[in-house]
Amino acid sequence: MRRYSRIIGTGAALPARAVGNDELARELARRGVETSDEWIVTRTGIRQRYLAEDGLTTTLLGARAARAALADAQCEAKSIDLLVVATSTPDQIFPSTACLIQAELGTAGGAAFDVQAVCSGFIYGLTVADALLRTGRYQRALVIGAEIFSRILDWNDRATCVLFGDGAGAVVLEASEEPGILAARLHADGSQAAILCAGGRLDNGRVTGDPFLRMDGQAVFRLAVHVLGESALEVLAEAGLTPAQIDWLIPHQANVRILNATARRLGIPTERLVVTVDRHANTSAASVPLALDAARRDGRIQRGQHVLLQGVGGGFTWGSVVVRF
Ligand code: ACO
């Protein structure tokens, strides 16, 4: 018998406070930073983002998304024997956010670890969990993308601080005789590390280096459009599908212009492109599972349909996964 893995539940969690572009522009103006709803919407498609309140942690957001996914899958938390968390904003250097979430869920015993691939993190985590389930050593995994990017933003840098938001998304992935994940491919190019990074580190009790996210927006834009197109074609070939057979395209939600360019390159009509960047902004590793959960819960994604999930982000990292629901 061949072994596969299938997504059997999805969940999401967002902070309580949604901040629209006008409100953000007013707050930034008080610091002497000038921006506008018009600039943000035209350049990025973002209309609002959710920002974490003091006291909310990546662990708590991730655990909320995980509980929602478990409820959707009608699974007990204790049936999870593999917990993978994608995050670039962990609550501590160690233990991993996965271990902290495991403690929140009360599921001690299984494997738990973080993956660090910035905005591609969920795609990396899903690919790793799929591979582990296929070995037969694990039965049921939680794969979570959880981020509080608002805490690593330089609120005096208008070219980055308007782009990101906080949130978490999760899926329950189960070993199955029926294929769910049809193909998956990951890539990285470390020579491009400098175009998107947060270089700060702890050094003998002090934070040294730049603790904020820095980005060369235009370089990221060009690379993102290129690798998303290439990666989609690679993974579709592996799955033996054409773009016309993809029911829903869910790329990392960074910028609506990147999303539209990717759909155009693949010849996938925009009606089949899932867009949440307008509501969530860029939530890094949480963006793909948040968008996936939104499209499942509003009834767009139906059983039997093919969904192409794609990540791209700092590292530089990228990858794609083809899923049959
Ligand atoms: N409000 C108003 N003006 C702004 C703002 C702002 N928030 N930010 C920048 N500007 C100004 C700049 O100062 C510049 O002014 P100037 O011409 O007087 O110098 C002007 O707008 C144009 O700036 P550009 O950087 O050239 O703007 P661009 O059209 O490239 O858009 C953006 C910038 C939105 C960052 C774009 O490059 C982009 O989307 N890049 C992709 C990056 C991305 O999505 N990153 C997310 C993380 S990476 C990932 O997830 C893959």
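**Salt bridges and exposure in a predicted model**

Q: What makes the contact between the side chains of R67 and E104 a salt bridge?
A: In this predicted model, the side chains of R67 and E104 meet at 3.6 Å, N to O, and because a salt bridge asks for a side-chain nitrogen of Lys or Arg within 4 Å of a carboxyl oxygen of Asp or Glu, the pair counts as one.

Q: Why is this pair said to tie together parts that are apart in sequence?
A: R67 lies in helix α3, residues 58–73, whereas E104 lies in helix α4, so the pair ties together parts that are 37 residues apart in sequence.

Q: Why is R67 called partly exposed?
A: The relative accessible area of R67 is 40%, and because partly exposed covers the range between under 20% for buried and over 50% for exposed, R67 is partly exposed.

Q: Why does I93 count as exposed?
A: The relative accessibility of I93 is 63%, and because exposed means over 50%, I93 counts as exposed. I93 lies in the loop between β4 and α4, and together with F94, L202 and V207 it makes a nonpolar surface patch of about 490 Å².

Notes:
Residues numbered from 1 in each chain as written. Predicted model: local features only at pLDDT ≥ 70, side-chain atom pairs only at ≥ 80, totals over all residues. Heavy atoms only, no water. Patch = residues over 30% accessible without salt bridge, like charges linked within 9 Å, V, L, I, M, F, W, Y side chains within 5 Å. Areas by Shrake-Rupley, 256 points an atom, 1.4 Å probe, with all protein chains shown as cover. Helix = DSSP H or I, 4+ residues; strand = E, 2+ residues; numbered from the N terminus. Buried < 20%, exposed > 50% of the residue type's maximum accessible area, 1.4 Å probe, protein only.
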